[in-house]
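Hi everyone, and thanks for coming.

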Amino acid sequence: MEAGGQDSAIVKCDAVVKTYQQGAIQVPALRGISLSIARGEFVSLAGASGSGKTTLLNMIGGLDRFGSGEVWVEGAPLSRMNNSELADLRLSKIGFVFQAYNLIPVLSARENVEFIMQLQGVAQAERRDLSRQILARVGLAGMEQRLPAELSGGQQQRVAVARALVSHPAIILADEPTANLDSKNSLELLTMMAELNLESGTTLIVATHDPQVIDFTRRKLVIKDGTVAEDY
Ligand SMILES: Nc1ncnc2c1ncn2[C@@H]1O[C@H](COP(=O)(O)OP(=O)(O)OP(=O)(O)O)[C@@H](O)[C@H]1O
């Protein structure tokens, strides 16, 4: 589907299939996912455990390869990128809020936020400035020097969101960002993400089981057995 890259979608998937190989067994995770997400949308990916939400985020984020179909990010087809091009795409366009990329425990909140910018080659003075601003923006002014263990779960998630946001990625992919948060902290985090979405036009794609998150997002894609079962 060559035209997939030409329209205004920031993320587009066409018939994406992903099968994991576990020893001799093939585990189908995505069985033909097609979707289109416009710039600036705030979308939840809902669905039962094992339905394929995390796998889909991994495909969109260029973290893993799909078997067939195509994923376009800002019009660029990921299947045609080599690993180093995928790494560039992740670093330049995508912010991740994933449990698997938790905060680095020996780095302060500020250092955690600066880490990605360091990889991106942002100069130190600018890193300081930007990390201070974004931490203030997520309500953590005065806590910049704290280690993750010295912050609450909700505050740690705010640092993770700040880290994902600091370099203004076009897209933020979040996997269960409210896991381990109570409903008050979840709502605060969601409100903050929604404000940032409106202010900066960042596209947010959030995989979740949490009904509070699903209610909150403007668009909901329900994933069932590796396909899009509902889009409303
Ligand atoms: N690395 C892997 N190797 C083998 N099978 C995998 C792997 N990762 C995921 N799967 C399988 O792929 C399917 C989809 O998994 P996925 O993690 O995408 O679901 P999910 O909707 O994110 O689930 P959850 O809500 O529990 O996180 C499941 O059957 C899962 O067991």
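In which sense do strand β9 and strand β10 pair, parallel or antiparallel? They pair in the antiparallel sense, over four bridges, with β9 covering residues 219–224 and β10 covering residues 227–231. Before I go on, please keep in mind that this is a predicted model.

Let's stay with that pair for a moment. β9 and β10 form a hairpin, and two residues sit between them. In the turn you'll find D225, with a positive phi of about 45°. If you want a landmark across the two strands, take L221, which stands opposite D231 in β10.

Now please turn to another sheet. This one is open and has four strands, in the order β2-β1-β4-β5, with antiparallel pairing. Its edge strands are β2 and β5, residues 76–77, and each of these pairs on one side only. Inside the sheet, β1 pairs with strand β4, residues 68–73, in the antiparallel sense over five bridges. You can find that pairing by looking for K12, which stands opposite W72 in β4.

How many residues surround the ligand? There are 13, and the closest are Y20, A29, S49, T54 and T55. Three elements each supply at least two residues of this shell: β1 (9–22), β2 (25–38) and α1 (53–60). The largest share comes from α1, with three residues. And what classes of residue make up the shell around the ligand? We have nine polar residues, three nonpolar and one charged.

Next stop, strand β7, residues 171–175. Why is strand β7 described as largely enclosed by the rest of the structure? Because five of the five residues of β7 are buried. Both faces of β7 are covered: I171, L173 and D175 are buried on one side, and I172 and A174 on the other.

Who are the neighbours of β7? On the one hand there's strand β6, residues 94–97, which pairs with β7 in the parallel sense over four bridges. Here G95 stands opposite I172 in β7. On the other hand there's strand β8, residues 203–207, which also pairs with β7 in the parallel sense, over five bridges. For this pairing, look at D175, whose bridge partner in β8 is A207. Between these two strands, follow the chain through helix α6, residues 183–200: β7, α6 and β8 make a right-handed β-α-β unit.

V97 is buried, with 22 other C-beta atoms within 10 Å. Leaving aside residues up to four places away in sequence, V97 touches A160, V161, A164, I172, A174 and P177.

In soluble globular proteins, nonpolar side chains tend to be buried together. The largest nonpolar core here has 58 residues, and the ones touching the most other members are V71, V161, A162, L173 and I205. Helix α5, residues 153–165, gives the most to this core, with six residues. Take A162 as an example: not counting residues up to four places away in sequence, A162 touches V113, I134, L135 and V138.

Helix α5 also holds Q156. Is Q156 buried or exposed? Q156 is buried, because 21 other C-beta atoms lie within 10 Å. Its contacts, again without residues up to four places away in sequence, are L103, P148 and L151. From Q156 to D175 is 19 residues along the chain, and their C-alpha atoms are separated by 15 Å.

My last stop is helix α3, residues 109–119. Buried residues in α3 are A109, R110, N112, V113, E114 and I116. What do the buried residues of α3 pack against? They pack against α4 (124–137) and α5. After α3 comes G121, with a positive phi near 80°.

How values were computed:
Residues numbered from 1 in each chain as written. Predicted model: local features only at pLDDT ≥ 70, side-chain atom pairs only at ≥ 80, totals over all residues. Near = placed C-beta within 6 Å. Nonpolar A, V, L, I, M, F, W, Y, C, P; charged D, E, K, R; others polar. Core = buried A, V, L, I, M, F, W, Y, C linked by C-beta atoms within 7 Å. Buried ≥ 20, exposed ≤ 12 C-beta atoms within 10 Å, placed from the backbone. Contact = placed C-beta atoms within 7 Å. Pairing = 2+ DSSP bridges. Right-handed = clockwise from strand over helix to strand, strands pointing away.
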